[in-house]
Amino acid sequence: MEERITFSNNGIFISFEGIEGSGKTIQARLLDEFLRKKGYTVVLTEEPGGTQIGLRIRELLLSVEHQEMTSVTELMLYNASRAQLIKEVILPAIKRGAIVITDRFNDSTVAYQGYGRGIDLNLIDSIDRIVTAGLKPDITILLDLDVKVGLKRNRGIHKADRLELEDKAFHKKVRNGYLEIAAKEPERIKLIDASKSIEEIHSKIVSIITEYIAQNGS
Ligand code: TMP
């Protein structure tokens, strides 16, 4: 069998973040493909979802039938999905020395439920500490894009889910939230202009990640 590269200490944990239509799902897949071709052991996952329980929670969260869902219910469900994903997928893979790529992680909760819905950021942080026990991505790729452009892009691809149906003002708050989070942690969060072409964005991401691996991977 072909020998795959793993890291002898812990693996590397990468998250992708951004508003609707920012292209993070495509970019996460392209990075996964690139790293696999290089021989690394990679686990690609997503939030909400990534486990059997997480996928059921995802359905609850995104169904357009659930318009009555309260912000607190939403906050708890995203965190419940995350707790399951960390236990079943992320931690075991990191311990095996793999590279874990997740399409969204806890910055999404701060951006959407915190800045978007207006839930107190300290409360979000308290719940986060229970759920993640301090686990943070080593590196986060934040794809930044104008809200109008993002929503228009997405409309062409699939039917809008419950959160996509929120108005532009909500998504603007989410985008600004992301920018504030990025400003607080410039070391971890790499801000990328998502209005560029898929290829340009991919090559930028590849150079960020290969540099990170060269400096930190062992
Ligand atoms: P997706 O569009 O990337 O599949 O994500 C599903 C939706 O869930 C998207 O509208 C963002 C939202 N979301 C939150 O509101 N909070 C969270 O913590 C996460 C992970 C996603």
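## Basis of the model

Helices (H or I, at least four residues) and strands (E, at least two) are DSSP runs, numbered from the N terminus. The model is predicted: local features need pLDDT of at least 70, side-chain atom pairs count only at pLDDT 80 or more, and totals for chains, interfaces and linings use all residues. Residues are numbered from 1 along each chain as its sequence is written, and side-chain values use heavy atoms, leaving out hydrogens and water.

## The sheet

An open sheet is formed by five strands with parallel pairing, in the order S2-S3-S1-S4-S5; two strands pair if DSSP finds at least two bridges between them. Strand S2 (42-46) and strand S5 (189-193) each have a single partner strand, so one side of each lacks a neighbour in the sheet. On average, neighbouring strands are turned by 20° against each other, direction ignored.

S1 and strand S3 (residues 99-103) run parallel and are joined by five bridges. Ser15 has Thr102 in S3 as its bridge partner.

## Ser22

Ser22 sits in the loop between strand S1 (12-18) and helix H1 (24-37). Its relative accessible area is 2%, so Ser22 is buried (under 20% relative accessible area, with a 1.4 Å probe and protein chains only).

A polar atom of the Ser22 side chain lies 2.8 Å from the backbone oxygen of Ile19. Leaving aside residues up to four places away in sequence, Ser22 touches Leu143, Leu145, Arg153 and Ala194, where contact means heavy atoms within 4.5 Å.

Note on methods:
Buried means under 20% relative accessible area, exposed over 50%, partly exposed in between (1.4 Å probe, protein chains only). A polar contact is a pair of N or O atoms within 3.5 Å; within protein, one must be able to donate a hydrogen and the other to accept it, and residues adjacent in sequence count only if both atoms are side-chain atoms. Axes are lines fitted to C-alpha atoms, for helices over the stretch in contact, and angles run from 0 to 180 degrees between N-to-C directions.
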